[in-house]
There are 2 protein chains.
Amino acid sequence: MQATLTTQRTITLEELDVLLAVRRAGEISRAELQAQLGLSRATVAAIVSQLVVRGILSEAGIGDSEGGRRPQLFAINGGFGYIVGVDVGATSIDIALADFNNQILERYAEAADVRDEPEALLGRIATLIEQVVDRHFAHPEQILAIGIGVPGPVNFEDGVLIAPPLMPQWESFSIRDFMRRRFPSASVTVDNDVNVMAIGEATTGAGQGVENFLYIKIGTGIGCGIISHSEIYRGRDGAAGDVGHICIDYNGPICHCGNAGCLEIMAAGPAIAMRGREVAESGKSPFLARRLAENHGELTATDVGDAAKAGDRAANEIVNLTGKMIGGMLATLVNFFNPQVIYIGGGVSNIGNRLLSAIHQAVLRRSTSLATRHLRIEFSPLGADAGITGAISLASEHLFEVVT
Amino acid sequence: MQATLTTQRTITLEELDVLLAVRRAGEISRAELQAQLGLSRATVAAIVSQLVVRGILSEAGIGDSEGGRRPQLFAINGGFGYIVGVDVGATSIDIALADFNNQILERYAEAADVRDEPEALLGRIATLIEQVVDRHFAHPEQILAIGIGVPGPVNFEDGVLIAPPLMPQWESFSIRDFMRRRFPSASVTVDNDVNVMAIGEATTGAGQGVENFLYIKIGTGIGCGIISHSEIYRGRDGAAGDVGHICIDYNGPICHCGNAGCLEIMAAGPAIAMRGREVAESGKSPFLARRLAENHGELTATDVGDAAKAGDRAANEIVNLTGKMIGGMLATLVNFFNPQVIYIGGGVSNIGNRLLSAIHQAVLRRSTSLATRHLRIEFSPLGADAGITGAISLASEHLFEVVT
């Protein structure tokens, strides 16, 4: 991979349109670009040669003839530089190094505690990035862009977490500025983890070409990424998709946010684990009683899922109840948003089809028939990779500053 | 107003961009267009003269100098042709004739019953349009575009109402084809009434420049128009915003849709009127008992609003309860969508500030503090005019077919 000049970070809107069209197509001719973008032949030719000179595009093969000479095809120059994706979970960090084609070259993950000081956690991430780049005999200056997903609402313009319930020490801390100091050559983009997952499905997964969909992550919390008009939707304050704190029972238990009966406190991973412990201790679930003993008194949502898969009746009831609560909330969102697809991801989704079917049933029961006529609800095909691929896409989308 | 050639209905994307920029600005110079749109000087000059030749733009005054010669300004040529807006309510039709500048020249409204056969109602609308055009010494062929808002979900591509609960006879009937046969020169665009109201606020009202907001119409039913990424959002099936059938009480009364406890059956106009009748008959509200007698046994939501304004305690409780139910549903939408503004419109909004304040309180109580940090909830400034101005904007936006 060649060293590249990364100082010129501006691009015109038309150049960006061409770049994105090439990214979508893989390989494309000037004539096809012209047709797709409604630009003149001369404009396309000028932009393409400029992007080739800058090393952003490269000549690919020769395409099929459409009547005349067989056309030169162009592609993204994967060697233009590196893109790094980072997925910060509540208990782990996941890092990927990709080329400029967004092709992942290497991945690395390790356990981490997001409640740590931001300097410590981000410092560790920076070190890991340097190590992975080093293993590819490259220099940190060749990193063009870093995209980071974090578990909390993000002020997207500033790259700062806002009022993060899981990470109080991160309030007002600029993740972007920290990473920029460590990697001055890279543009740094920070977004909420579920937004990043939705971007992953939208750009490289099953959501490609789907104009609107929801991505629901069910894990320690419950969050939602929203794609509307084919773009990620963040809302006024970066708080869009904070569905974990939608009230589903005014008389429900008190959530860590201070309100009663939030979806998250009643249906996310910890609630499932707590219900599992109850049926283990009361003797209603022999499977979970055994698992509890084996795990030295610890029980997780995954254990409840395992029990349900093994046919344990009490565990099945927990899964059904969970699906009913999540599906009831989704029924409201379906009436409001009429999405084309709802992708379900996050650790709890590993519980499997019984959960999906309970969610589906609850949505069908309480949404209008028109809004569910074409609705698909399915597990995120990218699954655990949605975050990291989304972080890379996010980074590469915000690599250039558009000038007019 | 001069007769114009209305056959050429195609426009390039760049021409449309220029047209929309002129519409937004009112009057604008070539240099400003160039700066705003990132087009070259030559391209802007060519497009502007082409649009002037076609009669779409006209030369306006001379602008202030920015260093050199004082620039020629351009504006929309109001005389290019007529735009018609139609707002079909459950019990009324409202028609406006506008020039190509979207300036309303005349309005006309009359009572109508939307449950009538579509041919009868649309035939009446067509006749009214012909009459209003005639009063302006113009010909129907000068109508360039007709925009129509109808009270039900619309398949926007086809201009057909889908599963309209209020208007069963309209199922599969193409409103667009009917109007096209009567006005062959006009492009016809049909949308849901609340979407049209949201478009009204977005294009000519307080919503100008607001990237995302909700428009809630509270009348015989309850619906919501959604602006996201500065554009109307219709969802997969044109069903987005159907918030009237969101469940707010699993044990609530049965709605006409067949489900229990829909917001609409519990908090829209008829529910308010029914509660008003109860307190009138039980003697809890002397004001409403009197009104009921005066109105020969009829009572409406407006009567309940009047009673509340007069300080009637039972009526105030009804208004508070209504606001609490609507606000509870909105709290969910605020967590999900994090809108910048919620505009409240529709007949029931005339009940006034007590309703608004009850809605506000319920939203603040159950939304996250981040999502409400900048949220404004206010009555639609355009009010009863939102539908008709939105219909005109809708029509003028879909006047041209974009070619590349």
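In which strand of chain B is V190(B) found? I located V190(B) in strand β11 of chain B; strands here are DSSP runs (E, at least two residues) and helices are likewise DSSP runs (H or I, at least four residues), numbered from the N terminus.

**Entry 1: conventions**

I noted that this is a predicted model, in which local features need pLDDT of at least 70 and side-chain atom pairs count only at pLDDT 80 or more, while totals for chains, interfaces and linings use all residues. Residues are numbered from 1 along each chain as its sequence is written, chains are lettered from A and ligands numbered from 1 in the order in which they are written, and side-chain values use heavy atoms, with hydrogens and water left out.

**Entry 2: V190(B)**

I looked up the accessibility of V190(B): the relative value is 1%, so the residue counts as buried (under 20% relative accessible area, with exposed over 50% and partly exposed in between, for a 1.4 Å probe and protein chains only). Leaving aside neighbours within four places in sequence, I found V190(B) in contact with residues including I148(B), V150(B), F156(B) and I175(B); contact means heavy atoms within 4.5 Å. V190(B) lies 44 residues from I146(B) in sequence, and their C-alpha atoms are 8.5 Å apart.

**Entry 3: the sheet containing β11(B)**

I traced an open sheet of 5 strands in chain B, in the order β7-β6-β5-β8-β11 and with mixed pairing. Two strands pair if DSSP finds at least two bridges between them. The edge strands, each pairing on one side only, are β7 (104-111) and β11 (187-192) of chain B. From one strand to the next, the twist averages 15°.

Within this sheet I examined β5(B) (residues 82-88) and β6(B) (residues 92-98), which run antiparallel and are joined by 6 bridges. I83(B) stands opposite A98(B) of β6(B).

I then checked the helices. Helix α5(B) (residues 175-182) lies across β8(B) and β11(B), at about 150° to β11(B). Helix α14(B) (residues 386-397) packs on the sheet and touches β5, β6, β7, β8 and β11 of chain B, its direction making about 135° with that of β5(B). Such angles run from 0 to 180 degrees between N-to-C directions, with axes fitted to C-alpha atoms, for helices over the stretch in contact.

**Entry 4: strand β12(B)**

How many residues of strand β12 of chain B are buried? I found that 6 of its 6 residues (213-218) are buried. F213(B), Y215(B) and K217(B) point one way, and L214(B), I216(B) and I218(B) the other way.

β12(B) pairs with β13(B) (residues 222-228) in the antiparallel sense over 6 bridges, and the two form a hairpin with 3 residues between them. Y215(B) stands opposite G225(B). β12(B) also runs parallel to β15(B) (residues 341-345), with 5 bridges joining them; there K217(B) has G345(B) as its bridge partner.

**Entry 5: the two chains**

The contact takes 50 residues from chain A and 50 residues from chain B.

The chains bury about 4,300 Å² between them, 56% of it on carbon and sulfur atoms; this is the accessible area (1.4 Å probe) lost on being put together, summed over both. In chain A, R236(A), F336(A) and R366(A) lose the most area to chain B, together 20% of what that side buries.

Key. Buried area is the accessible area (1.4 Å probe) that two parts lose on being put together, summed over both.
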